[in-house]
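I opened this notebook to record what I looked up, one topic at a time. The entries follow the order in which I took up each topic.

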Amino acid sequence: MQLLRLVMAVALSGLFVWAGNHSWSAGPRTLPPLGAFFSPFTGFWQNAEPVVEPPLLVIPSGHLRDSAQVVFDDRRVPHIFARNLEDAVFLQGYVTARDRLWQMDISVRDAAGRLSEVLGEGVLERDKLQRRRGLLLAAERAVAEWKKAPELYRLIEAYAQGVNAWIDQLEPRRWPLEFKLLDYAPEKWSPLKSALFVQSMALTLNFGADDVRAANMRAVFGDSLFYWLYPEWNPEQEPVIPKGTPWPFEPADTAWQANEAIGQVMPWREPIESVPGIGSNNWAVAPEKTANGHAILCNDPHLRLTLPPIWYEIQLHAPEMNVYGASLPGLPGVISGFNEHIAWGITNVGQDVRDWYRIHWTDSTRTAYWLDGQAVPVELVVETFRVKGRDEVVTDTVRHTRWGPVVYEDPDDEYADLAMYWLSNLPPQPTQVLSFLGLNRGRSLDDYHEALRHYDYPAQNFAFAAKSGDIAITVNGKFPLRAPQQGRFVQEGDRSSNGWRGFIPRDHLPRIVNPERGFVASANQHSTDPTYPYYYHGNFDDYRGRYVVRRLSEMDSITVEDMMALQTDNYSIFGKEVAALMLRLLPEGKLEESEKAWRDTVAAWNHRFEPWLRAPVLVTEWWDRFYRLTWDEVAQYDDRMDVLWPETWRTLALAEEAPGHPFFDRPATTDVVETAGDLALLAFRQMLEEIGDRLKDPNTDWAAWKDTEINHLGNIPAFGRHHLRVGGFRHALNAIQKHHGPSWRMVVELADTVRAWGIYPGGASGNPGSRWYDHMVDDWLAGKYYRLWFMHGPEEKGSVLARWYFLPKGK
C-alpha cells in the first residue's frame, strides 16, 4: 500500500509539473503555462515595479555615436538629450519599448494579420480580413519608398535599433506581463513594423466609406428622393476654411461623367463599419485676440481610450531640434506638439478616399474580369497564416484587380465581389514621417508648408501657430480628383474611365493663413463651403465645429485657462437644438401629470452634458426613439442589407420645416396619419415606459448612463478602468463617450519662452504593475492639466525621477 501511495504521489507530482509547463485552451482563450506564470522567479511577480526608481543608471551602448542622457521627470516622461538626431531617435525607440513593448507588438500584429499566431483560431478571420484589405502589402511598399529617402530611412532604422536594444537586454522574467499571459516572446522591431503602424492608423482614420449604403438607398428611394433626403451640405455648417474664402487658383477640369452601379439593391454587409467617435478638435488664436499678446494653439485628438494609451509623451533634444509632445509607439518623432518656435495639432479630415468597384467576371472561375472590353487576368496572391494550436499552415487566396483586392467574396452572390480602391494601398507609398520630422524642427510658416508637402494620408487638418504671431490651418493630404458624385456610390469596374483622374494639386488644397477673424479651427466639420471647385464627400461633424467657431468669435483677451475651459466644455448645440425641437413638437394638452415633470426637467436643461445631470439622459433617449420612429422607411431594410441613415441635422430640419411630411406617418397605423408631434409624444412615452424605473433611481445621471470606461488594449478587465464618472458627449467639444474621447489634451502659448500644458488618460508605462500605468486618469477626468516641462538642457533644475546616462562602448 505504501509503495502504491508513493507511485501515485510521484505520478501526480509529475502531472502537476507537466501541466504547469504547458499551455491550456479554455474556450476561445489560451491559458499560459501556469507554473512559469506563477513562479516568483519568472512569472508575473517580476512585473511589479518598485515605488522608487533607481535615480541614476549608466548604460553602455554599441549603437550610439556619442554620449547621451535621458531625464525622467516626476510623471516619468522621458526627456532625451543627444548630440545627433540619430542617437535621439535611437533612444526614443529604447525608452518607448521599455514602457510600451507589448502595445507596439500587438498593434502591428493586428495590422499585419498575425494575431492568430499568438491568440489562436478565434481571430483567424480577422487576420484574413486584414490581409485582404492589403495592409501588409501597402506597408511593404512604404518601406521601399522610405529607402528612397536616405535621411529618413536612417532615422527609422535607428528607431528600430533602439527598440531592439531594449529587447536584447530583456530577460524572459522581465517580459511585459501580456507576453507571459499569452505565452509568446517579443519579436525584433523593424522598419516594416513602423510602416504597419502607419497602415493601422490609416485603417482607423481614413477607411470610412458609404458607397454600398448610399447605392442601396438610391435604389430604394430613386434619385430625386435620395438626393433630397441625403444632401451633402448642411447650410448651418461652419467649415474649416471660413465661408466665402476665395480660391486663388485655376482649378483642374473635373467635367467628366463616371458611371455608377445603380439600379439594384446589394444584400451585402461590410463586417466592420466606420468607428463613431473618431474625431478631434484643434484651433489656434492670433496674438491680437489673447491677453498676453502671444499666439495660442490647442489640440485634443479623439480616439479610442485604452490602457496603455495610444500616445506616449516625450521630449527630443538634439542639435537640429528641441521638440516636445505626443508620439506614437512605433514611429520616430512627435505627432502633436511644439518646439521653441512653432506648435501644431491635428484633426481628422473625414473625406472619403476608399471606393468600391463591382467586378464583372468573364466566367464562374473568377480568374479574369472584363475591363474596357478586354479579359484581364486577376493576380492570385496566396496569404499564409500560422495559427496557435494548429500544426498546418492556413492559406487564403486573394484576387487582386486593377481596382485593388476583392476583399469580400461570396460564390452565390454576384454583387458580393467588390474590389476596394483605397488611397492607403496605392503605390508609391508616402513618407509621412518626414512631415512630422519637418514640423519637429520647423521654425516658421514656410517650414510648416514645406513639411506638409510630404504628407498624404490619413488626411489631417494641420493647425499651426508660431512665435512670430502667424497662425494657419491646412486641410492636408492626398485627395482624389473626382467628377461630381463620383465615388459616392458603388461604381462599375468594367471600364477604366470610372477611375480617379489623378489627385487635387497640392497648391489647390484648402488652407488659410492669418485670417481676419483672428483664429483658425477644426472639429471634423466640412473642409470648405460648396464654392470649393473640387468635389469631395465623406462624414463630417455638424456641431462641434459650429460651437468652437461661435465661442472663439465671441472671445477676446483669451488666456490659457480660457482655452483649457473650452477644451473641456460640455455644452452641445446638438443638445440645444434637439431639446428645443422636441419640446415644441410635444403636444401640451396630451401630457399626463406624471409626464410633465420629466418634460419640465428637459425644459430647464442648460444643454450641458455634465456628469451629475439627468436631462442629457432624457434628451438622448427621447431623440433616439423619435429618430427610429421617423425613419421606419429605412429601418425596414436594416435586417437584410447595409443602409444609410439620414443625418441628424437633416432630420431636425425636416421636423422643423415640414412636421406633416409623409415620412412621419407610420405605415403600420392605417387608421391615422401621424405627424412629427405624434411621433414626439410616442417616443416620449416609449422612453418613460422602457427606462422609467431607472430614471427614478437617484443615482441615474449622465455619468452613470454613459458609463465611460478605459479598457485594457487586450480587453483584460482587471487592467482597465471602469464606471468612470465624467461628463462630455460626442457632439460637445469635450467629446467623451463610453469608449472614445480626448486621448491627448494640449495647450501651447507661443511666448518668448514657450509654455505648454497637457494630459492624457493613462500613464507612461504599459505595465499594469507600475504606479505610472494609469496615474493621470483621475486628473484627466477632472479636467486638470499638467505644466509640461520643456527642458533646454539636461542639467536644468526640476523634479527629476531618474537619469539614464548612455555611453558609447569604447568611450
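**Entry 1: the whole chain.** I began with the secondary structure, which comes to 23 helices and 31 strands. The model is a predicted one. I then looked up burial and found that buried residues make up 60% of the 811 residues in the chain. For contacts, I took those between residues at least 6 apart in sequence, and 72% of them join residues at least 24 apart.

**Entry 2: two helices.** I turned to helix α18, residues 615–630, and helix α20, residues 648–657. Their axes come within 12 Å and cross at roughly 80°. Angles of 65 to 115 degrees count as roughly perpendicular, so I noted α18 as roughly perpendicular to α20. Next I listed the residues that make this contact. From α18 they are Trp623, Phe626 and Tyr627. From α20 they are Thr648, Thr651, Leu652 and Ala655. Sorted by class, the contact of α18 with α20 has 5 nonpolar and 2 polar residues, and no charged ones.

**Entry 3: Arg625.** I stayed with helix α18, where Arg625 is found. Is Arg625 buried or exposed? Its relative accessible area is 13%, and buried means under 20%, so I put Arg625 down as buried. I then looked up what it touches, leaving aside its neighbours within four places in sequence. Arg625 is in contact with Ala683, Gln686, Met687, Glu690 and Ile691. For one of these, Met687, I also took the C-alpha separation from Arg625, which is 7.3 Å. The two residues are 62 residues apart along the chain.

**Entry 4: His607.** I moved to the loop between α17 (593–603) and α18, where His607 is found. His607 has a relative accessible area of 18% and is buried. Not counting residues up to four places away in sequence, His607 touches Asn570, Tyr571, Ser572, Gly575, Lys576 and Ala579.

**Entry 5: aromatic pairs.** I looked up the aromatic pairs, and the structure holds 46 of them. I picked out Tyr421 and Trp500, whose ring centres are 4.8 Å apart. Their planes stand at 75°, so the pair is edge-to-face. Where in the chain do Tyr421 and Trp500 sit? Tyr421 is in strand β19 (residues 418–422), and Trp500 is in the loop between β22 (491–492) and β23 (511–513).

I compared burial next: Trp500 is buried at 11% relative accessible area, whereas Phe503, at 29% relative accessibility, counts as partly exposed.

**Entry 6: a cluster.** I also looked for aromatic residues in groups. One aromatic cluster is formed by Phe72, Phe90, Tyr94, Trp166, Trp804 and Phe806.

**Entry 7: charges over rings.** Last, I looked for charged ends placed over rings, and I noted two cases. The charged end of Arg218 sits over the ring of Phe489, 4.3 Å from the ring centre. The charged end of Arg402 sits over the ring of Trp403, and here the distance to the centre is 4.0 Å.

Note on methods. Residues numbered from 1 in each chain as written. Predicted model: local features only at pLDDT ≥ 70, side-chain atom pairs only at ≥ 80, totals over all residues. Heavy atoms only, no water. Axes fitted to C-alpha atoms, helices over the stretch in contact; angles between N-to-C directions. Helix = DSSP H or I, 4+ residues; strand = E, 2+ residues; numbered from the N terminus. Parallel < 35°, antiparallel > 145°, perpendicular 65-115°, else oblique. Contact = heavy atoms within 4.5 Å. Nonpolar A, V, L, I, M, F, W, Y, C, P; charged D, E, K, R; others polar. Phe/Tyr/Trp six-rings, centres within 6.5 Å; stacked < 30°, edge-to-face > 60°. Buried < 20%, exposed > 50% of the residue type's maximum accessible area, 1.4 Å probe, protein only. Lys NZ or Arg CZ within 6 Å of the ring centre and 35° of its normal.
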